[in-house]
Amino acid sequence: MTPPAVTLLDVARAAGVSKSTVSDALQGSGRVAESTRDRVRDVAEQLGYRPNSAARRLRRSSTGAIGLHLPQTATRLDYYMNLAFGAVQRAQEDGLDVVLLAAPAGAASGPLASRVDGLLVIDPEIGDSAVPGLLDAGVPVVTGERYLGPSPTPTGAVVCDNAASLTALLDHVQGRGARRPALLAPEGASAWAEALRGTAAAWGGSHGSQVALRTVPFAATPAHAEAATRRLLASDPAIDAVICAPDGAAPGVLRAAAALGRTVGADLLVASCVDGVANRGASPPVTAVDLRPAAYGRACAELLCDILAARTPPDTVRRHAWALETRPSTTG
C-alpha cells in the first residue's frame with residue numbers, strides 16, 4: 001500500500017510552527033525569520049514533502065510552466081539537448097513543466113505571458129528575431145549568457161567565462177609546443193561568439209603570436225570545419241594548432257589534417273571549445289572545454305525558479321564553471 005503523502009500540516013507539526021508559516025517559508029514569501037525558514041525547509045526535506053503543484057498554481061494564478069528558447073540551429077547539437085534535459089529536471093523539482101518554444105514565439109508577448117510563468121532564453125543572438133519579444137513578454141526571463149542587443153534587460157543571467165576557457169586552450173597548445181595557433185570561430189553576434197573572437201585577438205597581442213582567425217557557422221558541421229581547415233592549412237602551412245569552436249565540428253578538422261598528411265597530436269594540435277560525444281569518440285580523442293551543459297541548464301532553471309519563488313532578487317547574475325579536458329589530440 002502506498003503511504004499517504006506528507007502534508008503541510010505534517011511539516012508544521014514536526015517543525016513546531018503554524019501551517020501558514022510553513023507555506024510562507026517554502027514559497028519564500030511572508031515575514032519568516034531566516035532561521036525558521038531554513039528549519040522548515042530541512043524538516044520538509046527530511047519528511048519527503050512534495051508540494052501540490054496544482055493547488056500551488058491556483059493560489060498564485062500561475063500556469064505551472066516555464067518556456068525554453070534555444071538557438072534556431074540547436075536541435076541537432078548534443079550540447080543544447082543536454083542543457084535542455086538539465087533545465088527540465090530542475091524545473092520539475094519546483095513542480096514546473098518546461099515548454100520548448102518555437103522561434104516565432106516571441107512575436108506575441110501577451111499570449112506568451114499567459115502561457116508560462118517565466119522564460120529561459122539560451123545563447124541569445126542579436127540576429128534572432130524572436131529574442132526581443134521574449135525579453136519583453138511580461139514575465140521573468142533568465143538568459144544563458146548575456147544578450148548584447150538593444151532590448152529590455154533580462155531578469156537574471158547565468159554566464160560562463162568564455163574568455164578564460166579559450167585562454168586556457170591557447171595556453172595549453174602553446175605549452176605543448178604550438179607557435180602558430182588558429183581558431184575556427186562562430187559567426188554571429190552572441191556573447192559566446194564575440195568573447196571567443198575578442199579573446200583570440202587579445203591573446204595574440206599579449207603573446208606576440210597572432211591567432212589565425214577563420215569564421216564558420218554558429219552550428220558548423222564537421223564538413224564545414226573540414227573545408228575551413230583545408231583552406232586554412234593550404235594558405236598557411238605554418239599553422240600548428242587548430243581550435244574549433246562549434247559543438248561537434250572538430251572531427252572535420254581531424255579529417256582535413258589526415259587528408260593533408262598532418263599528424264594530429266604531433267605536428268598539428270587540435271582542440272575544441274565545446275566538449276561532447278563527437279570529441280570523446282574521435283580518433284584521436286579531442287582535447288576540449290567541458291561546459292557541463294546539463295549542469296548549465298539546471299543552473300539556468302534554478303535561477304528562474306528562485307526568482308519566481310522570491311528566493312533570489314531580480315538582476316541576479318550567477319557564474320557557471322567549466323573544465324579543460326586534455327586528450328591525445330594535443331598530448332600525443
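This is a predicted model: local features need pLDDT of at least 70, side-chain atom pairs count only at pLDDT 80 or more; totals for chains, interfaces and linings use all residues.
**Stop 1: the aromatic pairs**

Start with the rings. The structure holds 2 aromatic pairs. Select Tyr79 and Tyr80 for one of them.

Now select Trp192 and Phe218. The ring centres lie 5.5 Å apart. The planes stand at 80°, so this pair is edge-to-face. Planes over 60 degrees apart are counted that way. Trp192 and Phe218 are both buried.

Color the surrounding elements next. Trp192 belongs to helix H9, residues 191–207. Phe218 sits in the loop between strand S7 (212–216) and helix H10 (222–235). The two residues are 26 apart in sequence, so the pair ties together separate parts of the chain.

**Stop 2: the cavity**

How many of them are charged? There are 3 charged residues in the lining, along with 9 nonpolar and 1 polar. The space inside is about 140 Å³. A search of the whole structure finds 1 cavity of 30 Å³ or more.

**Stop 3: Asp117 and Gly64**

Select Asp117. Look for it in the loop between helix H6 (109–115) and strand S3 (118–122). Asp117 is buried, with 12% relative accessibility. Now show Gly64. A polar atom of the Asp117 side chain lies 3.1 Å from the backbone nitrogen of Gly64.

**Stop 4**

Most residues other than glycine have a negative phi, and most peptide bonds are trans. The next selections depart from that pattern.

Go to Glu145. Its phi is positive, about 80°, although Glu145 is not a glycine. Glu145 sits in the loop between strand S4 (141–144) and strand S5 (156–160). It counts as buried, at 7% relative accessibility.

Move on to Pro284. The peptide bond from Ser283 to Pro284 is cis, with omega near 0°. Where is Pro284? Look in the loop between helix H12 (277–280) and strand S10 (287–290).

Then select Arg292. This residue, too, has a positive phi, near 50°, and is not a glycine. Arg292 lies in the loop between S10 and helix H13 (293–308). Is Arg292 buried or partly exposed? Arg292 is partly exposed, with a relative accessible area of 34%. Buried would require under 20%.

**Stop 4: helix H13**

Which residues of H13 are buried? Pick them out along the helix: Pro293, Tyr296, Gly297, Cys300, Ala301, Leu303, Leu304, Cys305, Asp306 and Ile307.

Ala310 follows H13 and has a positive phi, near 60°.

Technical notes:
Residues are numbered from 1 along each chain as its sequence is written. Side-chain values use heavy atoms; hydrogens and water are left out. Rings of Phe, Tyr and Trp (its six-membered ring) pair if their centres lie within 6.5 Å; planes under 30 degrees apart count as stacked, over 60 as edge-to-face and the rest as tilted. Helices (H or I, at least four residues) and strands (E, at least two) are DSSP runs, numbered from the N terminus. Buried means under 20% relative accessible area, exposed over 50%, partly exposed in between (1.4 Å probe, protein chains only). A polar contact is a pair of N or O atoms within 3.5 Å; within protein, one must be able to donate a hydrogen and the other to accept it, and residues adjacent in sequence count only if both atoms are side-chain atoms. On a 1 Å grid over the protein atoms alone, a cavity is a set of points where a 1.4 Å probe fits but cannot get out, and a pocket is an open set with protein on both sides within 12 Å along at least five of seven lines; lining residues have an atom within 4 Å of a point. Grid points are joined across faces, edges and corners, and a volume is the space filled by probe spheres set on the points. Ala, Val, Leu, Ile, Met, Phe, Trp, Tyr, Cys and Pro count as nonpolar, Asp, Glu, Lys and Arg as charged, and the others, Gly among them, as polar.
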